[in-house]
Amino acid sequence: MYETARTALQELENDQDFERVALHVLRVRFPQLRITSSTGDLGRDAFGRPLFGENDQVVLWASLQQRWTDKLKSELVKNAKHSRRAKAIYVMNRSTNEITKERWRQKARTEYGVEMEIVTLAELVTEPETDGLRWVAELELGVRPRAPRRLSTWAQYIDALSVSVPGMTAPLVGREAEMQALRAALADRNPAARVVVVEGAGGVGKTRLAIEASKSVSAVLVAPTGVSLDAGAFTEAPVDAPLVVLIDDADRAPDLSGLPALLHDGRFGRVRLVLTVRPGRHLGVLQRWNIERWGGAVVPLRSLDRGGIDALVTGRGILNPAFRETVINLAQGNPLIAHAACEAGLSANRFDWPSAADLLRVTVGRRLPADDPAQEHRAAAVALAVLGTVTSGEDLAVLAGAVSTLPPEPHRLSVLLDELADAGLADSSPYSVRPALLAPVLLADALDPPARVRLDVDRVLQAVVRMAGLELNGQPVTSAGRNLEFGASRLGPQLNVLAQAAHDRADHVVGARLAAAVRALLPSEAHLGEWAAVVGLAGEVAVAAPTIFADLHETLVKRWPPDPAPRLLDGGDPVAHYRYGLQHLGERFAQLAHRIGPDAVPSPVSLLLDVAWLMEPALHVENSDRREGVLRAIGQWCSAPAHALPQHIDALFERRREVLRVITQWHRDRAAHPPQELDAGESAIRGPLSLARVLIAALQPLPRLTVESTGGTPESASTISLHAAVLPDRPETLTLLREALTLLAPLLDEPAMRSGEGLPVLHTLVSLPGQLRGEGARPMAFSGVPLASHAVAVLDVAAGEFTEQIAARWDSLPLAVRRSAAQAVLGPDPRPRSLAAAAEAGDAVAAVALADTRLGRLLVLQPLRSRAPWREALEEQQRAAQPPGSEMDLPEALRLLEDTGPNVTGVAVSALPAFTRAVGAAAPDPQPAFERIAQAPMAGEDALLAAAAGEGAADGGRFRRPAGARQGLDPKGLPTGQVRGTLRRHGKGWAA
């Protein structure tokens with residue numbers, strides 16, 4: 001084996017080998033040359049003549065003789081004997097000077113009449129050293145094959161990548177800012193910033209951007225992915241010339257040890273390096289190869305927005321809106337996936353794919369290596385789809401055996417992960433399947449029994465549960481030191497992708513296995529935190545196992561109430577901690593119900609109502625937000641689908657009708673009997689009040705006639721349009737609203753609402769007419785336009801009818817509730833601003849309120865909210881409140897204050913103190929007031945105490961002593977010790 005072609009030619013001894021080499025070299029100039037027959041000496045070793053011609057145009061003489069002139073003279077003599085006048089070429093493996101060559105050319109011309117050219121060793125060896133004829137040196141002369149060239153031109157690299165990477169020659173889209181930043185970095189002449197980094201995920205366009213920006217600045221040489229660059233690699237780089245060396249995927253290069261030498265060498269001072277790396281790896285690359293001191297700008301490359309992907313698709317001549325939308329959602333901002341999907345559509349001439357999954361399957365088939373009979377790449381992709389995110393092949397190895405054909409060797413798996421990233425099917429590092437929609441598609445195919453790459457679901461479940469630090473009996477693995485709440489956060493996404501795959505294949509067996517695995521994670525004595533974790537996992541598998549909600553509901557009822565979750569920190573309010581745990585569990589059940597959908601059997605609406613009913617006694621009386629959190633899914637089902645209206649308005653009406661039917665049936669059932677599995681003691685706790693609170697919370701979405709929807713087109717780029725629409729002018733709009741209010745009306749007669757914790761519920765019910773009219777007065781969300789007139793009319797009719805229900809029960813309602821009902825009559829515009837005007841307009845509540853003497857006196861203390869200017873309202877209410885307080889005896893005034901709600905707002909914060917000060921000042925004996933205040937909170941108590949204690953203002957907690965002593969006061973003008981003690985025992989502290 002020879003190292004060079006020169007050495008091989010010098011030592012060559014076979015004439016025929018030499019003739020073949022000479023022929024290959026000279027054919028570049030004389031394509032018609034061919035070797036002569038091996039029989040006889042015709043005075044030529046090769047010749048060239050035109051097709052069908054009789055005379056030679058050129059003849060070739062080849063010589064290996066050391067005395068080459070003897071051979072040349074002999075050939076000239078033979079050529080003359082054959083009377084040839086064709087041009088002659090004498091080729092030899094010896095060297096000579098130009099003087100000798102010229103003397104022999106002159107001799108051939110004058111003595112033999114032949115034009116002759118002499119090719120020496122130095123000239124002959126030139127061509128076999130070139131790329132074009134290197135194979136001649138290696139094949140004919142036995143020269144050692146040349147090592148692959150490590151640097152190529154950008155055009156060669158683009159051509160090579162175009163074979164396997166779609167879109168490499170397509171126009172760049174949406175990268176103007178990054179292009180400008182990279183060009184500016186390359187134009188920077190700072191010697192300490194000669195290494196520029198382009199950082200981004202696989203398939204996002206790093207290589208293409210780097211080439212386009214670099215070639216606009218100077219010449220470009222590219223080191224392909226995986227190439228080693230030691231000091232000898234740059235012998236091909238020009239010296240003292242501007243040059244950009246692009247090192248593609250520098251984070252995966254096995255050896256970049258030649259870079260420091262290049263950057264240190266002054267001859268290469270005009271060379272700049274561009275490194276493309278995956279996110280988060282650039283600093284490690286610079287430090288590993290000792291080039292951080294030359295580190296310059298880092299240009300991050302993000303995913304394209306929707307508009308960029310759409311421009312990419314239309315730039316390939318594809319205008320089909322449905323296909324564009326599919327590719328935008330499929331690509332998730334990755335240009336490589338978008339180009340691959342476009343090529344799949346163009347190659348099949350098909351743009352009406354029934355689903356994104358079908359398009360993905362074709363795209364993946366085009367991206368996975370064809371020369372992989374064991375389908376190890378697909379197996380690695382399936383394992384990655386299960387695990388979600390891994391950092392190396394060692395993480396994937398846990399699924400060896402659970403995924404067929406998956407190699408167990410971590411090193412091999414790491415190589416497969418990198419190759420998946422190269423194909424644009426995974427991000428790195430950490431590695432994850434890209435696009436995310438691909439994961440369930442891969443797993444769905446792996447669930448097919450005839451598939452080459454198959455998934456053993458039971459072994460996969462055991463592996464992922466173990467990786468989460470759990471066991472299927474719900475107990476944490478002690479060595480892992482993690483409990484169910486923490487482990488579920490890792491396990492959830494893995495179960496979800498398996499469930500999506502099972503749903504796509506309609507594989508109910510796999511769905512049942514997933515549900516059984518989730519149920520098995522619930523400990524026998526689970527606390528609230530563990531319950532929430534398991535319900536959260538149930539939401540992940542619900543798409544494939546919708547009956548899991550009913551199973552968990554049954555278990556929850558049997559085990560109610562769950563224990564509180566352990567507190568991470570000592571101290572705090574245990575009741576508040578328990579309520580928070582309940583709220584969190586309720587929200588998890590709401591998410592589970594939403595994922596299942598309202599059409600499942602048994603109805604998730606009914607199950608959700610049961611969950612809210614179970615939790616209701618433990619929730620705060622005045623905090624309805626927690627009940628609404630449990631029932632949030634009902635509101636989502638009663639809103640518009642995420643499609644354009646009004647095409648789907650019939651479906652929306654039907655859904656609202658079905659939700660109302662289920663709520664009605666549930667209310668009827670729970671009013672008659674609790675769930676059979678519930679403990680009798682727990683059943684007794686939940687009376688009519690709990691039922692009413694849940695019913696009101698459940699019906700809240702139905703009076704809303706505005707619904708929201710989302711929409712957009714491919715051209716809308718990154719903008720998603722939010723629309724508010726109103727239910728149409730159809731009989732169903734009013735009918736459904738009437739049915740909901742009819743379900744609420746009987747609650748006005750419920751005795752449990754007349755006192756204590758029931759009063760806030762009753763206040764809410766009588767305020768409904770005002771809420772309905774307020775809904776009609778509010779502008780449409782997002783647009784700000786007024787609500788449609790037909791919707792305003794529907795709301796006004798419904799409010800009027802419910803007002804009549806309230807008026808029919810007027811005398812049975814507590815006084816404070818009657819005030820709330822009267823307040824609901826007024827406003828907003830164009831509603832009347834006074835009870836008299838409302839009564840004249842036919843409002844039933846306004847009419848009975850005007851005739852209510854007790855209410856009239858209460859309104860002196862708590863005036864209805866007015867739209868008069870604030871200062872004028874304060875002065876008017878104060879003037880109106882003082883005379884009744886001075887004239888009313890103390891027992892009657894105390895009864896009136898008891899009817900007054902304790903939470904006073906608006907101008908009443910001034911009227912109530914004015915009244916109570918007048919009462920206290922006029923009372924001959926304040927003892928009854930002290931005793932009443934000591935029993936329970938009462939409206940206006942502070943002003944009443946101040947006035948009863950003395951006529952002056954408060955000073956540091958003391959009241960000035962009145963001129964005459966009063967019963968119940970000590971000599972300092974303060975309440976006696978007995979009264980003060982009573983006040984303290986009831987949390988009313990008094991400053992001495």
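Contact here means heavy atoms within 4.5 Å. The model shown in every view is predicted.

**View 1. A five-stranded open sheet with mixed pairing.**
The strand order is β1-β2-β3-β4-β5. Strands β1 (34–35) and β5 stand at the edges, each with a single partner strand, so one side of each has no neighbour in the sheet. Two bridges join β1 to β2 (residues 46–48), and this pair runs antiparallel. Within it, Arg-34 stands opposite Phe-47 of β2.

**View 2. Helices α2 and α3 against the five-stranded sheet.**
Helix α3 lies across β3, β4 and β5. Its direction is at about 150 degrees to β3. Helix α2 (residues 15–26) lies across β1, β2, β3 (58–63) and β4. Helix α2 runs at about 140 degrees to β3.

**View 3. The parallel pair β4 and β5.**
Four bridges join β4 (residues 87–92) to β5 (residues 116–119). Tyr-90 has Ile-118 in β5 as its bridge partner. From β4 the chain passes through helix α4 (residues 98–112) to reach β5. This β-α-β crossover is right-handed.

**View 4. The aromatic pair Trp-68 and Tyr-90.**
A search of the whole structure finds three aromatic pairs. One of them is Trp-68 with Tyr-90. The ring centres are 6.3 Å apart, and the planes make 35 degrees. The pair counts as tilted because stacked planes are under 30 degrees apart and edge-to-face planes over 60. Trp-68 belongs to helix α3 (residues 68–81) and Tyr-90 to strand β4, so the pair ties together parts 22 residues apart in sequence.

**View 5. A six-stranded open sheet with mixed pairing.**
The strands follow the order β6-β8-β9-β10-β7-β11. At the edges stand β6 (152–153) and β11 (295–301). Each has a single partner strand, so one side of each is left without a neighbour in the sheet. Five bridges join β9 (residues 243–247) to β10 (residues 271–277), and these two strands run parallel. Ile-247 stands opposite Leu-275 of β10.

**View 6. Helices α8 and α9 on the six-stranded sheet.**
Helix α8 (residues 176–187) packs on the sheet and touches β7 (195–200), β9, β10 and β11. The direction of α8 makes about 170 degrees with that of β11. Helix α9 (residues 206–215) lies across β7, β8 (219–223), β9, β10 and β11. Helix α9 runs at about 165 degrees to β10.

**View 7. The packing of helices α23 and α25.**
Helix α23 (residues 528–541) packs with helix α25 (residues 574–596) at an angle of about 10 degrees. Their axes are 9 Å apart. The two helices are therefore roughly parallel, since angles under 35 degrees count as such. On α23, the contact residues include Leu-528, Trp-531, Val-535 and Glu-540. On α25, they include Tyr-578, Leu-585, Arg-588, Phe-589 and Arg-595. By class, this contact has eleven nonpolar, four polar and three charged residues.

Pro-561 lies in the loop between α24 (548–559) and α25. Pro-602 sits in the loop between α25 and α26 (604–615).

**View 8. A positive phi at Thr-405.**
Thr-405 is not a glycine, yet its phi is positive, at about 70 degrees. Thr-405 lies in the loop between α17 (393–396) and α18 (410–422).

Terms used. Residues numbered from 1 in each chain as written. Predicted model: local features only at pLDDT ≥ 70, side-chain atom pairs only at ≥ 80, totals over all residues. Heavy atoms only, no water. Pairing = 2+ DSSP bridges. Axes fitted to C-alpha atoms, helices over the stretch in contact; angles between N-to-C directions. Right-handed = clockwise from strand over helix to strand, strands pointing away. Parallel < 35°, antiparallel > 145°, perpendicular 65-115°, else oblique. Nonpolar A, V, L, I, M, F, W, Y, C, P; charged D, E, K, R; others polar. Phe/Tyr/Trp six-rings, centres within 6.5 Å; stacked < 30°, edge-to-face > 60°.
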